[in-house]
Amino acid sequence: MATPVGADPTVVGPYLASTFDDERWRSVTVELIAAGMSNLTYVVTPEGGSAEDAVILRRPPTGAVLATAHDMAREHRVISALGPTDVPVPRTLHLCTDDSVLGAPFYVMERVAGIHVVSEFPPGYADQPEQRRLVGERLIDVLADLHSVDHDAVGLSDFGRPEGFAARQVRRWTKQWDATRDRERPGLDALAARLAETVPTTQRSSIVHGDYRLDNCLLDPDEPGRIRAVLDWEMSTLGDPLTDIGMMFVYWPEAGEERASSMSPVTTLPGFPTRREVAERYAQRTGADLSDLNWYVGFAFFKFAAIIAGIVARSAAGAMAGKDTSGYADRIDPCVELGRAALDDGVI
């Protein structure tokens, strides 16, 4: 097996053996399971061990990265803080901030066995509408649980700046779009301006995940209505929880819809709640007033369009070698239209 970039087993093994005070870890196999623009995720297994013995190692992408976007200590901190709460997260085992070990900070957590759903369910899993409805409802319930966590009580009172969060987010992603323009897109400019002029008053602040959706969760192999773990906390902070709902809706197409933003058609399957039903269940669980939800959905589509524009720009500059970004630019304008429809027509 080729040595995985970023996690040399001849380094990882002895380090874990020393950290865990367990010689079993001196020789390990390391498998890269998630790569790309996000943080890198590896399965580390002691020699002769089974999948049950393995742990997960997370580190930033190799090469030049934005430290704030790939802060391992922040990701480790929020997962550790949420451990005793109702939010299902892996148990953290170790944080290394010494760059000399792997060239960047990293952390180690338990490996949670679960079903990872990207574009479809595995054959025979959640194949009944009532099971799929349970998956959708539990996704909502876990997000409601996250937004109900007392961040002061779990030691995250300084984890972000909730005051003015939504307005800062609009400025941040407008600046991102300005820096990565692939061409003139007046509709996207108009959407940015409209969002900046109409930022709603924040009702409450909470821990926000930042990219909450089905494929950032692991489902129970035996109980489709149960979420074993919420993953990928690299964008988490303190802020307006309705931004999580808005972003989740970007990835939640309904039956009969073809959305340029949708990475997966899973939520179009019979049984999944509609977005309106998602909103109603969330409101019931949290007591949140969702009268301004259309703004958050509009912002989410704007943010998504800006993210795609950044990918297009990096691809044009040759910084996305090996990644197929064909057709990405064609997704931007449809996202802008969906954002406009949310603001003007109340379409969520």
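Mentor: Helices (H or I, at least four residues) and strands (E, at least two) are DSSP runs, numbered from the N terminus. The model is predicted, so local features need pLDDT of at least 70 and side-chain atom pairs count only at pLDDT 80 or more, while totals for chains, interfaces and linings use all residues. Residues are numbered from 1 along each chain as its sequence is written, and side-chain values use heavy atoms, with hydrogens and water left out.

Trainee: OK. How far does α9 reach from its first C-alpha to its last?

Mentor: α9 reaches 35 Å with its 24 residues. That is close to the 34 Å expected at 1.5 Å a residue.

Trainee: And how many residues of α9 are buried?

Mentor: 18 of the 24 are buried, so α9 is largely enclosed by the rest of the structure. Buried means under 20% relative accessible area, exposed over 50%, and partly exposed in between (1.4 Å probe, protein chains only).

Trainee: Next, α6. Which of its residues are buried?

Mentor: Leu-188, Leu-191, Ala-192 and Leu-195. Seen down the axis of α6, these fall within an arc of 100°, so they line one face of the helix. The arc is that of the directions from the helix axis to the C-beta atoms.

Trainee: Why would residues spaced like that point the same way?

Mentor: An α-helix has 3.6 residues a turn, so residues three or four places apart point the same way.

Trainee: What does that face of α6 pack against?

Mentor: The buried residues of α6 pack against α5, α9 and α10 (329-345). Contact means heavy atoms within 4.5 Å. On the other side of α6, Pro-186 and Glu-197 are exposed.

Trainee: What about the span of α6?

Mentor: α6 covers residues 186-197, twelve residues that should span 16 Å. Its end C-alpha atoms are 17 Å apart, which agrees.

Trainee: Now α8. Which residues are buried there?

Mentor: Arg-275, Val-278, Ala-279 and Tyr-282. They cover an arc of only 95° around the axis, which puts them on the same side of α8. They pack against α4, α7 (242-250) and α9.

Trainee: How far apart are the end C-alpha atoms of α8?

Mentor: They are 16 Å apart, and the twelve residues of α8 (275-286) should span 16 Å, which agrees. Gly-287 follows α8, with a positive phi near 80°.

Trainee: Speaking of positive phi, which residue other than glycine has a phi near 55°?

Mentor: Asp-21. It sits in the loop between α1 (9-20) and β1 (28-34). Asp-21 is exposed, at 73% relative accessible area. Ala-126 also has a positive phi, about 50°, although it is not a glycine.

Trainee: Is Ala-126 buried or exposed?

Mentor: Buried, with a relative accessible area of 2%. Ala-126 is in the loop between β5 (106-110) and α4 (129-148).

Trainee: Switching to β1. What does Val-28 touch?

Mentor: Leaving aside neighbours within four places in sequence, Val-28 is in contact with Pro-9, Val-12, Gly-13, Val-44, Thr-45, Pro-46 and Glu-47. Val-28 lies in strand β1 and counts as buried at 10% relative accessibility.

Trainee: And Gln-169, which residues does that touch?

Mentor: Phe-299 and Lys-303, not counting residues up to four places away in sequence. Gln-169 lies in α5 (165-179). At 13% relative accessibility, Gln-169 counts as buried.

Trainee: Last topic, cavities. How many of 30 Å³ or more are there?

Mentor: Two. On a 1 Å grid over the protein atoms alone, a cavity is a set of points where a 1.4 Å probe fits but cannot get out, and lining residues have an atom within 4 Å of a point. Grid points are joined across faces, edges and corners, and a volume is the space filled by probe spheres set on the points.

Trainee: How much space is in the largest cavity?

Mentor: About 140 Å³. It is lined by 13 residues, and the closest to its centre are Arg-213, Leu-214, Asp-215, Tyr-251 and Ser-264.

Trainee: Which residues line the second largest cavity?

Mentor: Gln-203, Arg-204, Asp-240, Pro-241, Leu-242, Ala-288 and Tyr-296. That cavity holds about 40 Å³ of space.

Key:
1 Å grid on protein atoms, 1.4 Å probe; cavity = no way out; pocket = protein on both sides within 12 Å on 5 of 7 lines; lining within 4 Å. Expected span 1.5 Å × (residues − 1).
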